[in-house]
Amino acid sequence: HKYMEAMVNDHQRMEDLLEGRANETPNNEPLENGVNQWAKKTLPSVQHHLQMAQQLEDRLDDAPRPNTTQ
């Protein structure tokens, strides 16, 4: 459960970073523009992974927890 919580948090942070880059206005810096284009291309995959991680985390939240106090 902690692993999935970390995956959701990390994907949310990555989504925020990529959205910032993907929405930047093009300028005269080829390297900057290349990074921004990569961010725009990569963002949908990160969003999809985030959605899958959230769904799995929700399922884990709903699942009964084993009794570990034996």
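**Entry 1: Glu-57.** I began with Glu-57 and found this residue buried, its relative accessible area being 14%. The burial call follows because the cut-off for buried is under 20% relative accessible area. I note that the model is predicted. I then located Glu-57 in helix α2. Leaving aside residues up to four places away in sequence, I listed the contacts of Glu-57 as His-1, Met-4, Glu-5 and Val-8.

**Entry 2: the helix pair.** I next looked up how α1 and α2 are arranged. Two packed helices are described by the angle between their axes and the distance between the axes. For helix α1, residues 2-22, and helix α2, residues 30-62, I recorded axes that come within 7 Å and cross at roughly 155°. The two helices are therefore roughly antiparallel, as angles over 145 degrees count as such. I noted the crossing of α1 and α2 as left-handed.

**Entry 3: the nonpolar core.** I then asked which residues make up the largest nonpolar core. I found five in all: Leu-18, Ala-22, Ala-39, Leu-43 and Val-46. Both helices contribute, with at least two residues of this core supplied by each of α1 and α2. I recorded α2 as the source of the largest share, three residues.

**Entry 4: Ala-22.** I returned to one of the core residues, Ala-22. With residues up to four places away in sequence again not counted, Ala-22 touches Asn-36, Ala-39, Lys-40 and Leu-43.

Technical notes: Residues are numbered from 1 along each chain as its sequence is written. This is a predicted model: local features need pLDDT of at least 70, side-chain atom pairs count only at pLDDT 80 or more; totals for chains, interfaces and linings use all residues. Side-chain values use heavy atoms; hydrogens and water are left out. Axes are lines fitted to C-alpha atoms, for helices over the stretch in contact, and angles run from 0 to 180 degrees between N-to-C directions. Helices (H or I, at least four residues) and strands (E, at least two) are DSSP runs, numbered from the N terminus. Angles under 35 degrees count as roughly parallel, over 145 as roughly antiparallel, 65 to 115 as roughly perpendicular and the rest as oblique. A crossing is left-handed if the near helix is turned anticlockwise from the far one by less than a right angle, and right-handed if clockwise. A nonpolar core is a set of buried Ala, Val, Leu, Ile, Met, Phe, Trp, Tyr and Cys residues joined through side-chain atoms within 4.5 Å. Buried means under 20% relative accessible area, exposed over 50%, partly exposed in between (1.4 Å probe, protein chains only). Contact means heavy atoms within 4.5 Å.
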